[in-house]
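Reader: Please take one part of this model and go through it closely. I would like the place where the two chains meet.

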Amino acid sequence: MQLIIWLLLMIGGFTPTQVRELETDPLFNSGRGSALTENGTVEMEASIMDGPKRRCGAVSGLTTVKNPISLARLVMEKSPHSYLAFSGAEEFARQQGVELVDNEYFITEENLGMLKLAKEANSILFDYRIPNGGFETCSAGAAATDSPLQMNGLPISLYAPETVGCVVVDQEGRCAAATSTGGLMNKRTGRIGDSPLIGAGTYASNLCGVSCTGEGEAIIRATLARDVAAVMEYKGLCLQEAVDFVIKERLDEGQAGLIAVSKNGEVACGFNANGMFRGCATEDGFMEVGIWP
Amino acid sequence: MGWAIALHGGAGDIPVTMPPERRQPREAALRHCLDIGVDALKSQKHALDVVELVVRELENNPNFNAGKGSVLTNAGTVEMEACIMDGNTKRCGAVSGLTTVINPISLSRLVMEKTPHIYLAFDGAEAFAREQGVETIDSSHFITPENIERLKQAKEAKRVQIDYSQPIQKDVEKELPAASGGSQLGTVGCVAVDNQGNLAAATSTGGLVNKMVGRIGDTPIIGSGTYANNLCAVSATGKGEAIIRHTVARDVAAVMEFKGLSLKEASAYVVEECVPRGNVGLIAVSASGEVTMPFNTTGMFRACATEDGYSQIGIWTSVE
């Protein structure tokens with residue numbers, strides 16, 4: 001089974017900018033390019049967490065807010081709460097004067113096509129599966145695929161929308177994490193996934209910052225992001241060990257991936273799927289972009 | 001081993017000067033719900049069924065902040081949320097933003113059992129409720145005169161603060177300034193382990209008095225207000241924003257697992273060391289039939305019982 005996830009690790013600078021840029025790019029499942037609900041609409045969610053004081057902000061059910069992650073940050077900084085959703089979140093957005101657009105702005109041709117396929121197959125797509133047959137392997141040069149859908153010579157699933165996330169640690173060892181998504185293709189309206197849930201899709205403490213993506217329900221059950229930090233805190237594992245542990249032990253049947261940074265400037269990623277789009281950069285000049293292990 | 005059950009009706013700044021006419025109905029309700037839960041456990045009901053039926057009972061009681069008796073948003077409306085989790089399978093269900101569903105906890109169970117999702121909210125959750133044919137009623141049913149009064153006081157308190165022009169003392173964690181005492185009601189919840197060792201947790205709430213419309217608290221967030229695995233089942237109550245950032249329910253289980261602490265030690269650690277005073281209470285049971293109900297607030301409406309005959313009902317710190 002093929003799972004493509006895009007996550008971004010950056011050292012230095014603060015998270016929201018990177019996630020904002022990813023939100024604006026229609027190839028990725030958040031903001032513009034979000035997966036569609038069963039009604040053909042977009043409902044977006046996001047969360048952000050600041051490690052040192054564990055302040056957090058989350059939003060769900062957004063339909064007109066251009067950059068959900070920025071609204072999540074405003075919830076954290078300008079409201080007495082941690083999580084606002086649906087019409088209450090939209091109202092808060094209006095009060096805060098953030099950029100609002102029509103729901104159509106977020107809907108792309110590709111996703112309308114994917115929704116149609118999902119409805120025909122009567123299934124909910126985890127952002128990467130095509131109902132009529134999956135792919136066992138995926139390599140950049142492969143031309144031999146059965147998919148009726150291709151784009152630029154590659155299987156359409158390579159372009160399937162996905163959650164975006166970003167984790168950051170600055171020079172002082174302060175970690176932060178942010179995640180943003182449109183959720184599952186053909187999801188029920190009102191469905192909330194792991195991305196806005198602190199401890200599931202997003203978490204940051206004084207030890208690390210974590211952002212997850214994949215099968216939301218599996219990530220929630222596993223409290224995946226919190227578990228990375230908990231294992232470091234309570235078992236004394238280092239970042240990569242903690243990441244490997246939770247990926248191996250906590251995801252029963254579910255497929256997911258995550259990226260993480262630690263206060264010591266380490267970066268780590270883990271996934272139990274075939275691939276995860278990721279990029280990483282560190283202060284000492286190390287840079288890497290990857291898809292497969 | 002053996003079964004164990006604990007339930008709560010909310011932790012908060014419950015004044016010790018609470019008059020008998022307010023205290024007694026609540027104590028009686030706790031006793032009644034405990035009896036229902038114990039009877040169910042004695043009749044071999046699964047832990048999941050037990051926690052659901054106890055929380056339904058608490059939701060129906062207008063003296064607690066869940067279902068009927070839910071506190072009000074800043075618009076004077078009710079927005080209820082609930083969550084249920086099965087320890088063995090870690091299956092879970094959660095709902096938020098309900099306005100007409102009589103028993104939110106039952107709808108959360110239906111989300112778990114009848115959809116491929118875990119969490120449904122607002123219009124989508126209400127639509128699901130109608131599809132499932134659960135009991136719904138006009139939203140006014142849930143609103144009580146007490147809560148209308150609480151909302152009024154909360155709004156006035158904010159006005160007074162601004163009039164005094166004193167800088168609002170925001171502590172490091174930026175907690176919501178406390179509304180008047182007695183209005184800091186938490187939630188309701190129940191945790192149980194049956195004599196097969198099945199663990200389950202359930203929590204339900206109307207949220208915070210004078211909350212913003214659309215505000216979601218800790219209750220429906222797996223790992224924050226509600227959690228169960230094969231070690232323990234936990235339901236938390238108090239200041240939602242604090243419970244979320246400290247992932248209270250998950251941490252009890254994590255500390256047991258990763259540091260080898262007992263249920264009591266792990267729960268005490270989370271409540272006393274991790275979360276600032278005045279913000280949290282929780283109930284928890286372990287697979288081996290232990291039960292604990294720590295809180296760092298003035299009080300927590302609570303009750304518990306174990307198979308060996310122990311039982312307790314309390315509000316403030318017990319004298320033992």
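Author: S9(A) and strand S4 (residues 119-121) of chain B pair in the antiparallel sense over two bridges; pairing requires that DSSP find at least two bridges between two strands. In S4(B), B:Tyr119 is the bridge partner of A:Ile192. Helices (H or I, at least four residues) and strands (E, at least two) are DSSP runs numbered from the N terminus.

This is a predicted model, in which local features need pLDDT of at least 70 and side-chain atom pairs count only at pLDDT 80 or more, while totals for chains, interfaces and linings use all residues. Residues are numbered from 1 along each chain as its sequence is written, chains are lettered from A and ligands numbered from 1 in the order in which they are written, and side-chain values use heavy atoms, with hydrogens and water left out.

The contact (heavy atoms within 4.5 Å) involves 40 residues of chain A and 45 residues of chain B. Between them the chains bury about 3,700 Å², 62% of it on carbon and sulfur atoms; buried area is the accessible area (1.4 Å probe) that two parts lose on being put together, summed over both. In chain A, the residues that lose the most area to chain B are A:Arg188, A:Arg221 and A:Tyr234, together 21% of what that side buries.

Four salt bridges cross the interface, each a side-chain nitrogen of Lys or Arg within 4 Å of a carboxyl oxygen of Asp or Glu. One of them joins B:Arg250 to A:Asp227, with the closest N and O atoms 2.8 Å apart.
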